[in-house]
Amino acid sequence: MGDMAIPPLSSHHQRQVGAPRPTRDLCGTHGAGCQRMGNPPLRRAWLPAMLRGARGRCPACGGGALFGQLLQVRERCASCDEELYHQRADRLAWPLAAFVALQVVMLAMLALHLLDLRPPLWTWALPWVALFALLLRPVKGAVIGLQWALRLHGFQYAAMCRPRRP
Ligand SMILES: [Zn+2]
């Protein structure tokens, strides 16, 4: 039986299947020649990072403040100098906080209705808005913590070869 005609792989596909992935030749902090260049980055635990962020602390060290005024994220951590401006949580924080607030308000609503307490529907807007406002910062901080831990949006390159700080 003759060989089946196999269409040639595109160069993109060949690179994925055959040769190893090209290693990054530039370290984000020290440039070419950095000793840690090409080493796999240290794994970061996402849950502690999210909790630190939710508390408004730097996801890397938990020491420095994450936020400046209101929802403004600081450029760098004042404690460990981690770059924080890589975050892209601005758009996700609002709808996520609104969703979480809605869940809580709906559960409270259900509980009150089961107790045969039925305040008019519009009164639920107030706790929802209050909860939403209270949740905005912790939710945004937690999202930033997750982005940091998963090295998204440039957190990938930030401080790659910097010696690990306590
Ligand atoms: Zn820090």
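Reply: A crossing of two helices is right-handed if the near helix is turned clockwise from the far one by less than a right angle, and left-handed if anticlockwise. Helices here are DSSP runs of H or I with at least four residues, strands are E runs of at least two, and both are numbered from the N terminus. The crossing of helix 3 and helix 4 is right-handed.

This is a predicted model, in which local features need pLDDT of at least 70, side-chain atom pairs count only at 80 or more, and totals for chains, interfaces and linings use all residues. Residues are numbered from 1 along each chain as its sequence is written.

Start with the whole. The protein has 4 helices and 0 strands. From the N terminus the order is α-α-α-α.

Now the pair. Helix 3 covers residues 90-114, and helix 4 covers residues 125-149. They pack at an angle of about 130 degrees, with axes 7 Å apart. Axes are lines fitted to C-alpha atoms over the stretch in contact, and angles run from 0 to 180 degrees between N-to-C directions. That angle makes helix 3 oblique to helix 4. Oblique is what remains after roughly parallel (under 35 degrees), roughly antiparallel (over 145) and roughly perpendicular (65 to 115).

Which residues of helix 3 and helix 4 make the contact? From helix 3 come Leu 92, Ala 93, Leu 96, Ala 97, Ala 98, Val 100, Ala 101, Leu 102, Val 104 and Val 105. Helix 4 gives Pro 127, Trp 128, Leu 131, Phe 132, Leu 135, Leu 136, Val 139, Lys 140 and Val 143. Contact means C-beta atoms, placed from the backbone, within 7 Å. These residues divide into 18 nonpolar, no polar and 1 charged. Nonpolar means Ala, Val, Leu, Ile, Met, Phe, Trp, Tyr, Cys and Pro; charged means Asp, Glu, Lys and Arg; the others, Gly among them, are polar.

Between helix 3 and helix 4 runs a loop that holds Pro 119. Pro 119 is exposed, with 10 other C-beta atoms within 10 Å. Exposed means 12 or fewer such atoms, buried 20 or more, and partly exposed in between. The C-alpha atoms of Pro 119 and Met 109 are 9.0 Å apart.

Helix 4 has another partner. The buried residues of helix 2 pack against helix 4. They are Ala 49, Met 50, Arg 52, Gly 53 and Ala 54. Just after helix 2, Gly 56 takes a positive phi of about 80 degrees.

Methods: Contact = placed C-beta atoms within 7 Å.
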